[in-house]
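Subject: Structure for you to look at, with notes

Dear colleague,

I am passing on the structure we spoke about, and I would be glad if you could read these notes with the coordinates open beside them.

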Amino acid sequence: QVTLVESGGGLVQPGGSLRLSCAASEFPLDYYAIGWFRQAPGKEREPLSWISNSDGSTYYTDSVEGRFTISRDNAKNTVYLQMDSLKPEDTAVYYCATAGSPRLFERGIFTYWGQGTQVTVSS
């Protein structure tokens, strides 16, 4: 059974930073496209960033480009999301997820996802 476990969320002031972690079990990280999406109350889920399973390249949606950085540690089978210059509109539950390809990830067609971690940006 595939398991993804997120951690690292919390309350942070605007302009602050957080680093989310996603530990994967049962498969190596490069087997699927893997990345992060978020969902705020009353809003659709929003794919944010992912790492390609074909060539390891990374992708970011416009809303987080330049502020968020995705990375992975294959030795720990963990993917990270470094979030800087956080804004109140970044408040949401953040999920780590896999998809069959980056294109499917971009379309929000996920294969597996974790339980989520809450990120709240507020003064």
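What follows is an account of the overall fold, the nonpolar cores, the disulfide, the salt bridges and one serine.

Please keep in mind throughout that this is a predicted model.

Overall fold

The chain consists of 1 helix and 11 strands, and read from the N terminus its elements follow the order β-β-β-β-β-β-β-β-β-α-β-β. The radius of gyration is 13 Å, close to the 14 Å that the globule rule gives for 123 residues, so the chain is as compact as a globular protein of that length. Taken along the principal axes, the C-alpha atoms fill a box of roughly 40 × 25 × 25 Å. Of the 123 residues, 44% are buried, and the chain exposes about 6300 Å², with carbon and sulfur atoms supplying 46% of that area. When contacts between residues at least 6 apart in sequence are considered, 57% of them join residues at least 24 apart.

Nonpolar cores

The largest nonpolar core has 26 residues, and those with the most contacts inside it are Trp 36, Phe 68, Val 79, Leu 81, Met 83 and Tyr 94. At least two residues of this core are supplied by each of the strands E3 (18–25), E4 (33–39), E5 (46–51), E7 (68–73), E8 (78–83), E9 (92–99) and E11 (117–121). The largest share, 4 residues, comes from E3. Apart from this core lies another, of 7 residues, which includes Ala 97, Ala 99, Phe 105 and Phe 110.

The disulfide

The count of disulfides comes to 1, and the bond is formed by Cys 22 and Cys 96, whose sulfur atoms are 2.0 Å apart. The pair links distant parts of the chain, since Cys 22 is in strand E3 and Cys 96 in strand E9, 74 residues apart. The torsion about the S-S bond of Cys 22 and Cys 96 is about -70°, so the disulfide is left-handed. Cys 22 has 0% relative accessibility and therefore counts as buried, and Cys 96, at 0% relative accessibility, counts as buried too.

Salt bridges

Side chains of opposite charge can pair when their charged atoms come close. A search of the whole structure finds 3 salt bridges, and Arg 38, Glu 46, Arg 67 and Asp 90 are linked in a network of such bridges.

The side chains of Arg 38 and Glu 46 meet in a salt bridge with an N to O distance of 2.8 Å. Here Glu 46 is partly exposed, with a relative accessible area of 27%, whereas Arg 38 is buried, with a relative accessible area of 7%.

Arg 38 also meets Asp 90 in a salt bridge, at 2.9 Å from N to O. This pair links distant parts of the chain, with Arg 38 in strand E4 and Asp 90 in the loop between E8 and E9, 52 residues apart. Both Arg 38 and Asp 90 are buried, the relative accessible area of Asp 90 being 1%.

Asp 90 has a salt bridge with Arg 67 as well, in which the closest N and O atoms are 2.7 Å apart. Arg 67 lies in the loop between strand E6 (58–60) and E7, and Asp 90 in the loop between E8 and E9, so the pair ties together parts that are 23 residues apart in sequence. Arg 67 counts as buried because its relative accessibility is 11%, which falls under the 20% cut-off.

The surroundings of Ser 21

One further residue that I looked at is Ser 21, which is found in strand E3. At 16% relative accessibility, Ser 21 counts as buried. Which residues is Ser 21 in contact with, leaving aside its neighbours within four places in sequence? They are Val 5, Glu 6, Ser 7, Trp 36, Thr 78, Val 79 and Tyr 80. Two of these contacts, Trp 36 and Val 79, are also listed among the residues with the most contacts inside the largest nonpolar core.

With best wishes

Conventions. Residues are numbered from 1 along each chain as its sequence is written. This is a predicted model: local features need pLDDT of at least 70, side-chain atom pairs count only at pLDDT 80 or more; totals for chains, interfaces and linings use all residues. Side-chain values use heavy atoms; hydrogens and water are left out. A nonpolar core is a set of buried Ala, Val, Leu, Ile, Met, Phe, Trp, Tyr and Cys residues joined through side-chain atoms within 4.5 Å. Buried means under 20% relative accessible area, exposed over 50%, partly exposed in between (1.4 Å probe, protein chains only). A disulfide is a pair of cysteine sulfur atoms within 2.5 Å. A salt bridge is a side-chain nitrogen of Lys or Arg within 4 Å of a carboxyl oxygen of Asp or Glu. Contact means heavy atoms within 4.5 Å. The radius of gyration is taken over C-alpha atoms; the globule rule is 2.2 Å times the number of residues to the power 0.38. Accessible areas come from the Shrake-Rupley method with a 1.4 Å probe; for residues, only the protein chains shown count as cover.
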